[in-house]
Structure formats: structure tokens, C-alpha cells
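I opened this structure for the first time and kept notes as I went. The entries follow the order in which I looked things up.

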Amino acid sequence: MALKYLLVLLVVGIVLWLLLRGRPTGPSDAARRTRGRRGPATMVTCSHCGLHLPPAEAISDVEGRRYCSDAHRLAGPR
């Protein structure tokens, strides 16, 4: 008797799982693929050591050369 109820519960669970797994819950696949994708980041090279870093983090001297730190700016280009 209990086996019959267990079988019915199992079938209802499988049917619900099949119905709900195909339902979209968020943005479409195309929107998900393009949302997180950006183009390559612009980077500059330190004139002293050659390290690549974002332009916002670079330190420039009066001649426009970019450096990764103030110590490298003071040391000058290689």
C-alpha cells in the first residue's frame, strides 16, 4: 500500500521537474552571453620595467612617459 503512494509521489515529482526545468527564469541566453562580455582593456606599459597596467593606474612624467610606480618614475626610463 505504501509503495503505491511512493510511486505516485515519484511520478508527480518527475513531471514537475520536467515542466519547470525548461521554463526560462531570467534573461535569454543571448542576453546572458553578451552582458558579461567586454572588449579588450586598454593597457599602457611602464617605461622602466615594461609592466602592463591600466591607464588610470599609471603615473606620467612631464614628457608623457607612463610608469607603474613613483619609484620607477624617479628612476627614469631604461
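**Entry 1. Terms and ground rules.** I take helices (H or I, at least four residues) and strands (E, at least two) as DSSP runs, numbered from the N terminus. The model is predicted, so I keep to the limits set for it: local features need pLDDT of at least 70, side-chain atom pairs count only at pLDDT 80 or more, and totals for chains, interfaces and linings use all residues. Residues are numbered from 1 along each chain as its sequence is written, and side-chain values use heavy atoms, with hydrogens and water left out.

**Entry 2. Overall layout.** I looked up the elements and found 3 helices and 4 strands in the protein. Read from the N terminus, their order is α-α-β-β-β-β-α. For burial I use these cut-offs: buried is under 20% relative accessible area, exposed is over 50%, and partly exposed is in between (1.4 Å probe, protein chains only). By that rule 10% of the 78 residues are buried.

I then looked up the surface. Accessible areas come from the Shrake-Rupley method with a 1.4 Å probe, and for residues only the protein chains shown count as cover. The protein exposes about 6,800 Å², of which carbon and sulfur atoms supply 62%.

Next came contacts, meaning heavy atoms within 4.5 Å. Among the contacts with a separation of 6 or more, residues 24 or more positions apart account for 13%.

**Entry 3. Helix α1.** The number of buried residues in α1 is 0, so the helix lies largely in the open.

I picked L7, which sits in α1 (residues 2-21). L7 is exposed at 52% relative accessible area. L7 also belongs to a nonpolar surface patch, whose members include V8, W17 and L20. The patch has about 1,200 Å² of accessible area together. Patches are made of residues with over 30% relative accessible area and no salt bridge; like charges are joined within 9 Å, and nonpolar side chains (Val, Leu, Ile, Met, Phe, Trp, Tyr) within 5 Å.

**Entry 4. Salt bridges.** I count a salt bridge when a side-chain nitrogen of Lys or Arg is within 4 Å of a carboxyl oxygen of Asp or Glu. The whole structure holds 3 of them. R65 pairs with D61 at 3.0 Å, N to O, and E63 pairs with R65 at 2.9 Å. The remaining entry in my list is R73 with D70, at 2.7 Å. Both R73 and D70 lie in helix α3 (residues 70-75), 3 residues apart, about one turn of the helix. R73 is partly exposed at 30%, and D70 is partly exposed at 38%.

**Entry 5. D61.** Is D61 buried or exposed? D61 counts as buried, because its relative accessibility is 17%. D61 lies in the loop between β3 (59-60) and β4 (66-67). I also checked polar contacts, which are pairs of N or O atoms within 3.5 Å; within protein, one must be able to donate a hydrogen and the other to accept it, and residues adjacent in sequence count only if both atoms are side-chain atoms. The side chain of D61 reaches the backbone nitrogen of R65 at 2.8 Å, and a polar atom of that side chain lies 3.2 Å from the backbone nitrogen of E63. Leaving out residues up to four places away in sequence, D61 touches Y67 and R73. E63 itself is exposed, at 58%.

**Entry 6. R65.** R65 lies in the loop between β3 and β4 and is partly exposed at 31%. Its side chain makes a polar contact with the side chain of Y67 at 3.3 Å. Beyond four places in sequence, R65 is in contact with S47, I59, S60 and P77. From R65 to G76 I noted 11 residues in sequence and 9.2 Å in space, C-alpha to C-alpha.

**Entry 7. H48.** H48 lies in the loop between β1 (44-45) and β2 (52-53). H48 is buried, with a relative accessible area of 15%. Which backbone oxygen does the side chain of H48 reach? That of G76, at 2.8 Å. Apart from neighbours within four places in sequence, H48 is in contact with Y67, H72, A75, G76 and R78.
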